[in-house]
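This report describes one protein structure for a reader new to the subject. Please look at the sequence and the model before reading on.

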Amino acid sequence: MNTGNLTPATAQGGENQTGGTVVRDSITLLLADQTIPAMSYIHLYDSSPYKIVNGHVAAKIPCDDDSKSTLNILTGSAPNFQPAELELIDGNLSTPGELCLYHVDLPQENVTTTTDIAIQNPTDSSIDFPETSTVVVGVNEIMPGAEEHAEQG
């Protein structure tokens, strides 16, 4: 898989009001010409042992004519993932029936602890990613506490 530049761009900024540490860690994953098998997933990001308290995912992925993606962006703490609520970014950034751009804020309201992000193919067929298919994960703030969730899971 061509993952582009995965070097974190992290800048320590100290603690903020939530007690978390302000960081800026960003990765861009180029998925063009990759295949995700039926009923499988690609693990994209892991912040363990810290949980993500502020971040963002942008995904330019295949969509149908109604701008719905058959893929899921999963968030949570592996193996306890939940499908994220994808928000369509329309206009000239999405082309229904081809590729659509979606955005997800982290953490999702229905997820207690977020350390992991994955993209899942929940269908019975493999999906080939066309040119310019990408996922960008940006993490702005982390804090300790993920190990507590792992012990409970």
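This is a predicted model: local features need pLDDT of at least 70, side-chain atom pairs count only at pLDDT 80 or more; totals for chains, interfaces and linings use all residues.

In which strand is the place of His103? His103 belongs to strand β8.

**His103 and its surroundings**

His103 has a relative accessible area of 16% and is buried, because buried means under 20%. Leaving aside neighbours within four places in sequence, His103 is in contact with His56, Val57, Glu85, Leu86, Glu87 and Ile89. The side chain of His103 is also joined to that of Asp105 by a polar contact of 3.2 Å. Between His103 and Val135 there are 9.8 Å in space, C-alpha to C-alpha, and the two are 32 residues apart in sequence.

**The five-stranded sheet**

Strand β8 is part of an open sheet of five strands, in the order β1-β11-β4-β8-β7, and the pairing is antiparallel. Which strands stand at the edges? They are β1 (21-30) and β7 (87-89); each has a single partner strand, so one side of each is left without a neighbour in the sheet. On average, neighbouring strands of this sheet are turned by 20 degrees against each other, direction ignored.

Strand β9 (residues 116-121) is largely enclosed by the rest of the structure, because five of its six residues are buried.

| Strand paired with β9 | Bridges | Residues standing opposite |
|---|---|---|
| β3 (residues 40-46) | six bridges | Tyr41 and Gln120 |
| β5 | five bridges | Ile73 and Ile119 |

As a general point, the side chains of a regular strand alternate between the two faces of the sheet.

**The disulfide**

How many disulfides does a search of the whole structure find? The search finds one. A disulfide is a covalent bond between the sulfur atoms of two cysteines. Here the bond joins Cys63 to Cys100, with an S to S distance of 2.1 Å. Cys63 lies in the loop between β4 (50-62) and β5 (72-77), whereas Cys100 lies in strand β8 (residues 99-106), so the pair ties together parts that are 37 residues apart in sequence. The torsion about the S-S bond is about 65 degrees, and the disulfide is therefore right-handed. Both cysteines are buried: Cys63 has a relative accessibility of 9%, and Cys100 has one of 0%.

**The nonpolar core**

Which residues have the most contacts inside the largest nonpolar core? This core has 28 residues, and those with the most contacts inside it are Val57, Ile117, Ile119, Phe129, Val135 and Val137. At least two residues of the core come from each of β1, β3, β4, β8, β9 and β11.

Val137 illustrates how residues from separate parts of the sequence meet. Not counting residues up to four places away in sequence, Val137 touches Asp25, Ser26, Ile27, Tyr45, His56, Val57 and Ile117. Two of these, His56 and Val57, are also among the contacts of His103, the residue with which this account began.

Definitions and conventions
Residues are numbered from 1 along each chain as its sequence is written. Side-chain values use heavy atoms; hydrogens and water are left out. Two strands pair if DSSP finds at least two bridges between them. Helices (H or I, at least four residues) and strands (E, at least two) are DSSP runs, numbered from the N terminus. Axes are lines fitted to C-alpha atoms, for helices over the stretch in contact, and angles run from 0 to 180 degrees between N-to-C directions. A disulfide is a pair of cysteine sulfur atoms within 2.5 Å. Buried means under 20% relative accessible area, exposed over 50%, partly exposed in between (1.4 Å probe, protein chains only). Contact means heavy atoms within 4.5 Å. A polar contact is a pair of N or O atoms within 3.5 Å; within protein, one must be able to donate a hydrogen and the other to accept it, and residues adjacent in sequence count only if both atoms are side-chain atoms. A nonpolar core is a set of buried Ala, Val, Leu, Ile, Met, Phe, Trp, Tyr and Cys residues joined through side-chain atoms within 4.5 Å.
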